[in-house]
Amino acid sequence: MSTESLLLHFTAQGAYGPDGKELLVLDRADGPYVFDVHGKRYVDGLSSLFCAQIGYSFGEEMAAVAGEQLTRLAFNTNWGTAHPPAIALAEKLVELAPEGIESAFFTSGGSESVETAWKLARQYHLVNGEPRRRKAIARDIAYHGVTLGALSFTGVPRFKEPFGEPAIPTRHVSNTNPFRSALQGEELTAALLAELEEAIEQEGPEEVAIVIAEPIQNAGGCLVPPPGYWPGLREICDRHGILLVADEVISGCGRLGEWFACERYGARPDLVTIAKGLTSAYAPMGAALAGEKVTQALRTPGVTLMHGITFGGHPLCAAIALKNIEIFAREGVLENVRRLEPYLRRRLQEEVLTLPIVGDVRGDGFFFAAEMTPDGDEGRFSAEQVAKLVKEIVPRLLLEHGLIARADDRGDPVLQIAPPLVADEAVLDEIVLAMRAVLSDAGEELARSGV
Ligand code: PLP
């Protein structure tokens with residue numbers, strides 16, 4: 001199959017095709033499994049990049065909803081008009097969201113949701129007579145998207161450097177990585193909060209508009225916040241009049257056993273971004289949800305929301321998102337994650353953490369990473385070894401072992417899993433054992449390579 005006309009995202013364009021490796025081309029799916037064009041089966045240990053929360057077996061039900069909506073009203077915007085699916089979905093999300101969230105703005109995906117949160121925050125500050133609040137604070141290695149506003153918040157320098165000065169002046173502070181810190185628990189929290197406070201002081205507290213963070217950071221490998229971290233962010237933001245944004249594009253929509261990940265860590269954000277799992281990827285959709293303060297500012301008489309996205313809240317996507325929420329409740333999806341999280345954690349500790357190439361296993365919910373280290377402890381591979389492992393050995397072994405998972409080197413090298421939220425013990429075992437096989441073979445192969 002020729003791939004010459006298709007530009008692949010975040011991929012060296014010559015890497016696949018006649019002069020490169022064979023591209024994985026997926027053709028169909030069933031439950032937690034995907035099948036390539038040759039019929040080979042893979043267990044999807046990553047839910048198609050953290051999206052396919054309910055797996056792939058609800059196509060007919062989704063198609064029925066889609067058919068009904070497309071024949072009734074194929075499209076209308078949310079620009080000064082609306083349609084029943086968007087209205088119902090906004091109501092439903094506000095009902096499911098943490099206390100204090102009052103409204104929803106729909107988008108087509110995660111980057112747009114993050115951009116929307118920024119614009120809502122800016123309009124909030126303008127309404128409050130604080131136009132100087134133009135800066136953001138985000139965290140190292142965090143990924144918040146690729147459009148130019150969202151890219152400003154992204155803390156991976158090599159993703160940004162080709163595109164010049166960030167559109168939004170953003171200061172990055174440390175993320176929450178107990179494995180790579182001398183401090184643990186509340187001491188780590190205190191140090192991180194002190195660093196944030198200092199950054200705000202240096203930037204000028206009256207110039208900072210938002211602090212944005214994921215409840216549990218994805219890039220770097222499922223970085224769980226230490227105790228009291230999110231309440232601490234809230235207190236600092238309140239003291240300085242800064243809005244707190246929880247980017248839940250990955251960690252929301254059930255990934256941690258809650259509709260909203262901030263519930264898990266005692267976070268009370270002013271704005272929440274979601275996407276990916278909102279429809280379980282049966283259609284592309286995202287949202288920025290606004291708390292009381294922001295919603296009220298936007299409702300101020302005379303204020304116009306200066307933001308709009310043609311397809312944001314598309315009726316087809318909204319109808320599918322509503323069906324997804326219904327399926328979550330009917331199938332007990334959140335309950336499944338809560339019930340099986342301890343099982344998944346234990347199996348990873350037994351089968352993966354015990355490997356000589358694994359230094360740490362971390363995460364929550366159905367969201368875990370194994371950090372690869374040379375000594376099974378806190379040592380670090382050389383840059384050359386990381387490249388060999390993450391770009392070459394592990395991706396090839398994943399395909400060989402029939403596992404979709406993510407080898408990532410945005411921080412220290414990790415192999416990450418995020419199983420569909422409907423996975424049972426048997427599927428989780430299959431994922432964990434394949435992960436074990438991949439990492440075990442990878443360690444041996446790296447040693448043999450002499451790199
Ligand atoms: N925010 C976070 C935390 C993400 O992980 C991502 C994508 O992975 C985004 C934003 C951007 O989402 P999208 O790729 O849908 O634009």
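Mentor: In this predicted model, the disulfide count comes to zero. A disulfide is a covalent bond between the sulfur atoms of two cysteines. The cut-off used here is a pair of cysteine sulfur atoms within 2.5 Å. Take cysteine 222, which is in no disulfide. The nearest cysteine sulfur to that of cysteine 222 belongs to cysteine 51 and is 15 Å away. Cysteine 222 also counts as buried, because its relative accessibility is 0%.

Cysteine 253 brings in the backbone. Cysteine 253 is found in the loop between S8 and S9. Its phi is positive, about 55°, although the residue is not a glycine. With a relative accessible area of 1%, cysteine 253 is buried.

The loop between strand S8 (243-247) and strand S9 (271-274) also holds serine 251. The relative accessible area of serine 251 is 0%, so this serine is buried. Leaving aside residues up to four places away in sequence, serine 251 touches Pro215, Ile216, Leu256 and Ala261.

Serine 48 is another residue, other than glycine, with a positive phi, in this case near 50°. Serine 48 belongs to helix H1, which covers residues 47-50. Its relative accessible area is 37%, so serine 48 is classed as partly exposed.

Now the helix packing. Two packed helices are described by the angle between their axes and the distance between the axes. For helix H3 (residues 84-96) and helix H10 (residues 315-331), the axes come within 8 Å and cross at roughly 40°. H3 is therefore oblique to H10. The crossing of H3 past H10 is left-handed. On the H3 side, the residues that meet H10 are Pro85, Ala86, Ala88, Leu89, Lys92, Leu93 and Leu96. Their partners in H10 are Pro315, Ala318, Ala319, Ala321, Leu322 and Ile325. By class, the residues of this contact between H3 and H10 are 12 nonpolar, no polar and one charged.

The other pair is helix H11 (residues 333-351) with helix H13 (residues 425-449), whose axes come within 10 Å and cross at roughly 25°. That angle makes H11 roughly parallel to H13. H11 passes H13 in a crossing that is right-handed. H11 contributes Arg339, Leu340, Tyr343, Leu344, Arg347, Leu348, Glu350 and Glu351 to the contact. From H13 come Glu425, Leu428, Asp429, Val432, Leu433, Met435 and Arg436. The residues of the contact of H11 with H13 divide into eight nonpolar, no polar and seven charged.

To put the two helix pairs side by side: the contact of H3 with H10 has one charged residue, whereas that of H11 with H13 has seven. The crossing is left-handed for H3 past H10 and right-handed for H11 past H13.

Notes:
Residues numbered from 1 in each chain as written. Predicted model: local features only at pLDDT ≥ 70, side-chain atom pairs only at ≥ 80, totals over all residues. Heavy atoms only, no water. Axes fitted to C-alpha atoms, helices over the stretch in contact; angles between N-to-C directions. Helix = DSSP H or I, 4+ residues; strand = E, 2+ residues; numbered from the N terminus. Parallel < 35°, antiparallel > 145°, perpendicular 65-115°, else oblique. Left-handed = near helix turned anticlockwise from the far one by under 90°. Contact = heavy atoms within 4.5 Å. Nonpolar A, V, L, I, M, F, W, Y, C, P; charged D, E, K, R; others polar. Buried < 20%, exposed > 50% of the residue type's maximum accessible area, 1.4 Å probe, protein only.
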